[in-house]
Amino acid sequence: MNAVDSSLDAAPIADWRSYPISADLVNLVPASDALDTHWSDGRVSPFHYQWLRDNCACGQCVYSVTREQLFEIVDVPEQLHPQRTRIDEQGHLLIDWQDGHHSRFHPGWLRAHAYDEVSRAERRAQRPQSQLWGAEMSEQLPQFDYQAVMADDDALLQWLLAVRDIGLTQLRGVPTTEDVLPALAKRISFIRESNFGVLFDVQSKADADSNAYTSFNLPLHTDLPTRELQPGLQFLHCLVNDATGGESVFVDGFAIAEALHQEAPELFHTLCETPIEFRNRSRNSDYHRLAPIIALDAYGVVSEIRMGNFLRGAFDAPVERMPALYSAYRRFIAMTREPRFRVQRRLDAGQLWCFDNRRTLHARTEFDPASGARHFKGCYVDRDELLSRIHVLQR
Ligand SMILES: [Zn+2]
């Protein structure tokens, strides 16, 4: 196969998405280590030659079946220059490299990956934003119909976007048989198994291996803070709820973190920076994890809350930091008890909660097991699976 043939073979875009053309390439100005591309709307996007060579989507550089890269940038010299650059009749950028390699770039793809300041700001603004909530959510709960979500991909997408952006949703009209929950979870992806099983039963047990399986008041917490990766989504499906008490309580951990950041920044930073031990021990398992209560992502945005007072180990911090750690911890828990953040709702048979377990803290008020049966079925699905499903549905 010669170089010309391979450029004709080229997969125009090395991934599964499509890239609408919002502006055309109008001019190319080669500089010493980068190509300045000028767009029809006046934007100028420099692309370094190494970057362009690295992102060549031709059949030699990318395996067309997997759409994954074969080429590694270290296989060409660091001081790389095109012999010739031009815009073809379809508006693609063509580059002939000094070593005889040819690259062709789709303008929509290039624009979507441009890293000039304006393009990067545009992408930052398009990142999904968490919608923070407080007690008012009790009246504005995002509710979805089970049958619609099972049958219609658009209804499924609307539900999943609410899980992603709001982190608390309710499904209604859910049949009260035990096979329903796994089928629903599989509309997203596979279930995350844990030591509590693929599906777990939330009902009071005499030989409980967690306070969840008692009738006590459970304080606000995330599930499995004892693991390196806390489960992303939690499902709680109510099969029967005839007991007195036992209401579900939720708070938006991101909203509390944001309020703490505003009201007491030093306490917020203490919770971001101090690793806390969470542990869960039973006869056959012994989990523990050291991690801060508030985690930030690479952009400095709150991305995760980890909290479970009944699963927490003894604090271990430098002597002079211990009082500050207690101040921050007390304040966070006190905030979870403030009415402004709390949503309290009873879940009836045929209803189901689905929430972001790495964001939304949940609790249950005490119930009287003698007053009637109470049986919830639960399972987890990781956040990656949610986001992947959303991306596929949006293609
Ligand atoms: Zn190539």
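Q: How many helices and strands does the secondary structure of the chain come to?
A: The structure is a predicted model. Its chain is built from both kinds of element, and the secondary structure comes to eleven helices and 24 strands.

Q: What are the rough dimensions of the box filled by the C-alpha atoms, and what percentage of the residues is buried?
A: Taken along the principal axes, the box filled by the C-alpha atoms of the chain is roughly 80 × 55 × 40 Å. A residue counts as buried when its relative accessible area is under 20%. Of the 395 residues in the chain, the buried share is 49%.

Q: Which residues touch the most other members of the largest nonpolar core?
A: The largest nonpolar core has 44 residues. Its largest share, seven residues, is supplied by helix 6, which spans residues 153-165. The members that touch the most others are Trp 159 and Phe 235.

Q: Which tryptophan residues are in contact with Phe 235, leaving aside its neighbours within four places in sequence?
A: The contacts of Phe 235 include Leu 181, Leu 184, Ala 185 and Ile 188. They also include Leu 352, Cys 354, Lys 377, Gly 378, Cys 379 and Val 381.

Q: How many residues does the second, separate core have?
A: Among the members of this second core are Ala 259, Cys 272, Phe 315 and Phe 332. The core is separate, and its number of residues is 32.

Q: Which residues of helix 9 are buried, and which elements are included in what covers them?
A: Helix 9 covers residues 265-273, and its buried residues are Leu 267, Phe 268, Thr 270, Leu 271 and Cys 272. An α-helix has 3.6 residues a turn, so residues three or four places apart point the same way. What covers the buried residues of helix 9 includes helix 8, strand 18, strand 19 and helix 10.

Q: Is Thr 270 buried or exposed?
A: Thr 270 is found in helix 9. Leaving aside neighbours within four places in sequence, Thr 270 is in contact with Arg 321, Ala 324, Leu 325 and Ala 328. Because its relative accessible area is 5%, Thr 270 is buried.

Q: What distance separates the C-alpha atoms of Pro 339 and Ala 135?
A: Pro 339 lies in the loop between helix 10 and strand 20, and at 66% relative accessibility Pro 339 counts as exposed. Along the chain, Pro 339 and Ala 135 are 204 residues apart. The distance between their C-alpha atoms is 6.7 Å.

Q: Where is Leu 224, and is this residue buried or exposed?
A: Leu 224 has a positive phi of about 55 degrees, although it is not a glycine. Its place is in the loop between strand 12 and strand 13. Because its relative accessibility is 6%, Leu 224 counts as buried.

Q: How does Arg 67 count by its relative accessibility?
A: Arg 67 is a residue other than glycine with a positive phi, near 60 degrees. Its place is in the loop between strand 4 and strand 5. Because its relative accessibility is 31%, Arg 67 counts as partly exposed.

Q: Which helix gives the most to the lining of the largest pocket?
A: About 1600 Å³ of space lies in the largest pocket. Its lining of 43 residues includes Arg 123, Gln 126, Arg 127, Pro 128 and Arg 164, which lie nearest the centre. By class, the lining has 14 nonpolar, 13 polar and 16 charged residues. With seven residues, the helix that gives the most is helix 11.

Technical notes. Residues numbered from 1 in each chain as written. Predicted model: local features only at pLDDT ≥ 70, side-chain atom pairs only at ≥ 80, totals over all residues. Heavy atoms only, no water. Core = buried A, V, L, I, M, F, W, Y, C linked by side-chain atoms within 4.5 Å. Buried < 20%, exposed > 50% of the residue type's maximum accessible area, 1.4 Å probe, protein only. Helix = DSSP H or I, 4+ residues; strand = E, 2+ residues; numbered from the N terminus. Contact = heavy atoms within 4.5 Å. 1 Å grid on protein atoms, 1.4 Å probe; cavity = no way out; pocket = protein on both sides within 12 Å on 5 of 7 lines; lining within 4 Å. Points joined across faces, edges and corners; volume = space filled by probe spheres on them. Nonpolar A, V, L, I, M, F, W, Y, C, P; charged D, E, K, R; others polar.
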